[in-house]
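Here is a friendly briefing to read alongside the model. Have a look at the sequence and the fold before going on to the notes.

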Amino acid sequence: MIAALVAGTLLGVALGTVSGLVPGVHVNTMAGLLLSLSPILVASLGTPVLAAALVAALVTHTFLDCVPSTFLGVPDADTAVMVLPAHALCLEGRGREAVRLSALGSAAAVVWALPFSFLFLTLLPAFQSFIDLWIGVLLLAVACYLVVFSESPEWAAGVFLVSGFLGLFTFRYSFLAWNGGTGVLMPLLSGLFGVSVLLSASGGRMPPQSAAVTYPDGRELFRCSCAGSLAGAVVGWLPGLSNATANAVLASAIDYGEDRLGYIVATSAANTANAFLGLAALYAVGRTRNGVMVALDTLDTPPFTALLSVAALAAALAYAATVLFSGTAGVFSRVPLRPLNAAVILFVTFLSFLLCGPFGLFVLAAATLVGIVPTLVEVRRVFCMGAVMVPVFLSSLGMAVL
């Protein structure tokens, strides 16, 4: 069993590295690939190898997805808001620092997520029905808090609601996409947080990337990693929520304009903690929070403690890989920004069409237009998270009424 789990972990780390480094490729894609090969893999390697590979790929992806978002400004569905401070640091010559801080936040999340997993596993199943009922109220409270204490409540509310309507439209008509709607988040969030940012970026050249890294002090690291891990743990357990929601909540607690380093640590911690608690939710209440958990649910999985150990081992390997790839910052030194941004926009456009067809291009264009508004009215782009929060709120409200 141990040899099979280690072999599966190595396979998963390799797949998670690929999905993390390639913009627009989600770990769910790798889960689908592994699941399609499951008859062959199970027959030749056994179920524990496949289960371990799925978990390891998920955890590894949460570490490596910061690399393309930092250097290219292409958001992943789980870390869209983190793109803003991370890419900004890269444009200041601090891309290596941003990636290493992200890796540190994810590594710290593992320390927090292990006790959280056992705590949630023991205490929360008895309150699950009550939790399901109040999710919508929680999201509404967070949204109201963000808007009321924003720079301009009127414009913040407008951006939040317009992006929310766009999110509702996207999910309501997602069946128009080529893949049946499973990839519509990619053009939606890429337009709101990727293409819109790149279009408003100035020209010039990428500055030389410094090798220096400024780490937060112990108290700051404790505060930000704990806040991020708790937010990621909560959305990892609650149905219908995602890291995008956690990042919006964190934006209300940590101003990414003032404390960029702390925000990167917190959002990265949320991303990784979400993976651990999603696994705990599967074992405790049979809920699947992402494509990897859906795939695991179809297998005869090993014990929870075994897969938790796999996740911890994968995190250690992924941390080392992320630190290694942070050294690629030098590749971007003196790169002309305008051609680079144009190439990234064309790649995102092509990927949106490849995943979702003409509907994906429409969503990308509409999301880009909405994503430009916060810059024009001088409010934080985090209010574009209404594209995710409003559909989840209305869905949970409908479940509560029924």
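**Cavity, helix and patch**

Val55, Leu58, Val59, Ala275, Phe276, Leu279, Met293 and Ala311 line the second largest cavity. Two elements, α4 and α13 (260–285), each give two or more residues to that lining. This is a predicted model, in which local features need pLDDT of at least 70, side-chain atom pairs count only at pLDDT 80 or more, and totals for chains, interfaces and linings use all residues. Residues are numbered from 1 along each chain as its sequence is written, and side-chain values use heavy atoms, with hydrogens and water left out.

**Cavities**

- Searching the whole structure turns up two cavities of 30 Å³ or more.
- The second largest cavity has a volume of about 40 Å³.
- A cavity here is a set of points on a 1 Å grid over the protein atoms alone where a 1.4 Å probe fits but cannot get out, and lining residues have an atom within 4 Å of a point.

**Helix α4**

- Helix α4 covers residues 47–64, 18 residues in total (helices are DSSP runs of H or I, at least four residues, numbered from the N terminus).

**Nonpolar patch**

- Ile2, Val6, Leu10, Leu313 and Leu317 make a nonpolar surface patch of about 440 Å² (residues with over 30% relative accessible area and no salt bridge, nonpolar side chains joined within 5 Å).
- α1 (2–21) and α15 (304–325) each supply at least two of its residues, and α1 has the largest share, with three.
- Ile2 lies in α1 and counts as exposed (over 50%) because its relative accessibility is 68%.

Technical notes:
Patch = residues over 30% accessible without salt bridge, like charges linked within 9 Å, V, L, I, M, F, W, Y side chains within 5 Å. Areas by Shrake-Rupley, 256 points an atom, 1.4 Å probe, with all protein chains shown as cover. Salt bridge = Lys/Arg side-chain N within 4 Å of Asp/Glu carboxyl O. Buried < 20%, exposed > 50% of the residue type's maximum accessible area, 1.4 Å probe, protein only. Expected span 1.5 Å × (residues − 1). 1 Å grid on protein atoms, 1.4 Å probe; cavity = no way out; pocket = protein on both sides within 12 Å on 5 of 7 lines; lining within 4 Å. Points joined across faces, edges and corners; volume = space filled by probe spheres on them.
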